[in-house]
Amino acid sequence: MQTLWVIESTGEKRFPYRLSIKKDDLILLSLRVQDIWPGTKGQIFCMREEGRQWSTPVEEIERVPVLSLKRYGKRLAVILDRAKNKRCDFLFLKKKYKTKEGEYEQIFWRTQKALQERRPKVKLTAKGKDSLHVIIDKSERYPWRFHGCLIEKGQLPVGDYALKGDNSLLAIVERKTFENLTAYFGKLGAFHQILGELETYKHSALVIEASYSDFLNPKKMKFYSPTFAARAIAEIHAFHPKLNIVYTGNRKLANEWTLRFFSAIAFHSEDIPHAKVSEALTEYGVEPYSTGGSYYEVRKIIDEMPEKFTFRMLKDFCQNIPEFTIRKALSDLKKEGKISCENRGKKSYWKKNNETVA
């Protein structure tokens, strides 16, 4: 199935064109626009076609394949399959009325050139927030510190540090010192499996407490030559293109980078996108990502269960998930005070103590 960018003329004075992003017969996004491309204007005001009375388009002007659709906050970025005028984005905003209650929508179509020339205010997360929930794997003997964050020790499916969201892992970081990484040079096959699982998460990183130049320094390389180290590192990069691989130079900077990485992801996940952006990406079809394995899947299922439920009811919803994992999730939620077990034996059941167990 091919995704297409289609421009049609409408004959209307204010919005003489309709811009549609289609996937076969399915319309992902349909907007009324003032021109076929922002051009020198830099940006164009658009209006949604849904919910309004519009004239029927009279003629198709262009049809171009879409290479990419991605969301960045409230922006829907589009890349077209052509040499010129191929990069643009749509900014979806919600504004409050000044004279009455409620909100209204503003949509702006902007080009790559406009974004480069314009210097918008960018909201960055400078510090770890109190709401940042970091899980440190039990195997970490001397873990990094995340000041101002909620810290939890637990068994991670992969990696050493994770950012926890609502019953899922938003990000995973695998930590490696210079000695750790060089030790894996002798067993790259096993290391590729670890990194392959790490790569299944939407946000993941291999953070190395060393500089790349350290692996090319003969005085520091004891068991392998710099040439072999360079080839091994190149193979890691080549085999795992979706994985962030960062050389921070030392432990302190590795800790700092991971905190900022988690903070940015937490901010992005809380910045709920405009409904049309979400719908377009859902229909476009994005690659599925891991969210923490079956343990977090059980927690999510419990969140969707009725206020009172039995273990048998839960088990019926958790098919193909080991009973140990189900009981582990129940036990942890009980310790967190989010659920409680009422009665005993055959009459026992679980009860939510809050509206949600997230």
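Predicted model: local features only at pLDDT ≥ 70, side-chain atom pairs only at ≥ 80, totals over all residues.
How do the residues of the lining of the largest pocket divide into nonpolar, polar and charged?

The largest pocket holds about 1700 Å³ of space. It is lined by 50 residues, and those closest to its centre are Arg71, Lys202, His203, His268 and Ser269. Now for the answer to our opening question: the lining has 19 nonpolar, 15 polar and 16 charged residues.

Which strands and helices each supply at least two residues of this lining? On the strand side, look for S5 (59-72), S11 (161-164) and S12 (169-176). On the helix side, you will find H5 (251-270), H6 (275-284) and H7. The biggest share comes from H5, which gives seven residues.

Next, let's see how some helices pack. Two packed helices are described by the angle between their axes and the distance between the axes.

The crossing of H7 with H9 is right-handed. From H7, the contact uses Ser294, Tyr295, Val298, Arg299 and Ile302. From H9, Thr325, Ile326, Lys328, Ala329, Leu330, Asp332 and Leu333 take part.

A second pair to find is helix H3 (residues 188-198) with helix H4 (residues 226-239). Here the angle is about 30 degrees and the axes lie 11 Å apart. H3 and H4 also cross in a right-handed way. Leu188, Phe191, His192 and Leu195 of H3 meet Ala232, Glu235, Ile236 and Phe239 of H4. In this contact, six residues are nonpolar, one is polar and one is charged.

Note on methods:
Residues numbered from 1 in each chain as written. Heavy atoms only, no water. Left-handed = near helix turned anticlockwise from the far one by under 90°. Helix = DSSP H or I, 4+ residues; strand = E, 2+ residues; numbered from the N terminus. Contact = heavy atoms within 4.5 Å. 1 Å grid on protein atoms, 1.4 Å probe; cavity = no way out; pocket = protein on both sides within 12 Å on 5 of 7 lines; lining within 4 Å. Points joined across faces, edges and corners; volume = space filled by probe spheres on them. Nonpolar A, V, L, I, M, F, W, Y, C, P; charged D, E, K, R; others polar. Axes fitted to C-alpha atoms, helices over the stretch in contact; angles between N-to-C directions.
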